[in-house]
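Here is a friendly walk through one protein chain, written for someone who likes to think at the level of side chains. Have the structure open as you read.

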Amino acid sequence: TESALPALPRMRTDTSAAAVGVGGKKRGGGGPKRVKVQIPESMYGELAQAIGILGMNARDAVESGFVSRHPEINIKEVKDLFGKMAQRKKPSFLPNHEKPGNSRSKSWFYLRPHFYQLASDVDKAKHPGWEAAKAADDILFQEEITAKENKVKASRDKEKEKKRLKREANGQPPAKRGRKSKKDIAAEAAAAKLMAEQQQQAGAGTVAGVVAGAGVVAGTVAGGAGGAVTLPSP
């Protein structure tokens with residue numbers, strides 16, 4: 001089943017031995033390194049409700065509080081998620097309001113409309129119009145993801161073309177394609193097996209038709225042999 005939570009680009013977590021180091025220590029010493037744990041979707045609502053539709057100006061307190069309640073989560077992961085879920089600009093459907101305890105040294109953050117589904121029922125009831133704001137921001141959010149994916153793809157294509165031209169200038173043969181994945185190999189094997197079965201079935205049908213035809217010919221010959229032969233009169 002599909003998740004009912006808003007889509008978020010996945011955050012990479014590197015727990016390989018190369019990244020953590022032998023024995024769970026950083027390469028070059030420096031003591032043990034905390035293994036990164038991706039924030040599960042079940043915790044998104046906790047952060048969204050801490051931000052709130054009307055916003056707040058206690059980002060540091062929210063982030064540190066989240067980590068204190070979930071010590072297995074790295075503060076960097078919380079900051080990354082906060083940056084995706086919050087925005088500085090006030091959503092247009094919200095009226096002007098007071099900002100208690102706000103000062104120039106503290107920025108005011110609002111929950112991005114794309115994540116209003118995660119807000120508390122009480123918070124949503126206080127702000128009619130949140131559904132329309134969310135629907136509009138959902139479109140913008142998806143456009144941002146698509147634009148980012150296209151930018152990454154364009155950068156990779158540009159790098160590949162640069163390497164190709166360099167190899168061509170040096171008189172080197174084109175780079176070999178990467179090895180096929182196990183999934184691709186299995187798919188090709190299944191397709192080849194299916195094609196072979198279809199050809200075998202088609203061949204069996206052809207043979208059966210030939211045998212049946214031979215039976216008809218044999219019956220005709222036998223019938224002709226058993227009948228009387230009339231010769232023309234001299």
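How many residues apart are Asp157 and Lys153 in helix H6? They are four residues apart, so about one helical turn separates them. Helices here are DSSP runs of H or I with at least four residues, strands are runs of E with at least two, and both are numbered from the N terminus.

Before going further, a word on the source: this is a predicted model, in which local features need pLDDT of at least 70 and side-chain atom pairs count only at pLDDT 80 or more, while totals for chains, interfaces and linings use all residues. Residues are numbered from 1 along each chain as its sequence is written, and side-chain values use heavy atoms, with hydrogens and water left out.

**The chain as a whole**

The chain has seven helices and two strands, arranged along the sequence as α-α-α-α-β-β-α-α-α. It holds 234 residues, and 23% of them count as buried; buried means under 20% relative accessible area, exposed means over 50%, and partly exposed lies in between (1.4 Å probe, protein chains only). Among contacts with a separation of 6 or more, 62% join residues 24 or more positions apart, where contact means heavy atoms within 4.5 Å.

**Salt bridges along the helices**

Eleven salt bridges turn up in a search of the whole structure. The term stands for a side-chain nitrogen of Lys or Arg within 4 Å of a carboxyl oxygen of Asp or Glu. Here are three of them, with the N to O distance of each.

| Glu63 | Arg59 | 2.7 Å |

Take the pair from our opening question. Asp157 is partly exposed, at 34% relative accessible area, whereas Lys153 is exposed, at 51%. Elsewhere, shared partners link the salt bridges of Arg59, Glu63 and Lys79 into one network.

Helix H6, which covers residues 130-169, also holds Asp138 and Lys134, four residues apart, or about one turn of the helix. Asp138 is partly exposed at 24%, but Lys134 is buried at 15%. Phe141 is found in helix H6 too, and this residue is buried, with a relative accessible area of 6%. Its C-alpha lies 9.8 Å from that of Arg112, although 29 residues separate Phe141 and Arg112 in sequence.

In helix H3, Glu63 and Arg59 are likewise placed four residues apart, about one turn of the helix. Glu63 is buried, with 1% relative accessible area, and Arg59 is partly exposed, with 26%.

**Where H3 meets H4**

Helix H3 (residues 59-69) packs against helix H4 (residues 75-85) at about 130°, their axes 9 Å apart. That angle makes H3 oblique to H4. Angles under 35 degrees count as roughly parallel, over 145 as roughly antiparallel, 65 to 115 as roughly perpendicular, and the rest as oblique. Axes are lines fitted to C-alpha atoms, for helices over the stretch in contact, and angles run from 0 to 180 degrees between N-to-C directions.

From H3, the contact draws on Arg59, Asp60, Val62, Glu63, Ser64, Phe66 and Val67, and from H4 on Ile75, Val78, Lys79, Phe82 and Gly83. By class, that comes to six nonpolar, two polar and four charged residues. Nonpolar covers Ala, Val, Leu, Ile, Met, Phe, Trp, Tyr, Cys and Pro; charged covers Asp, Glu, Lys and Arg; the others, Gly among them, are polar.
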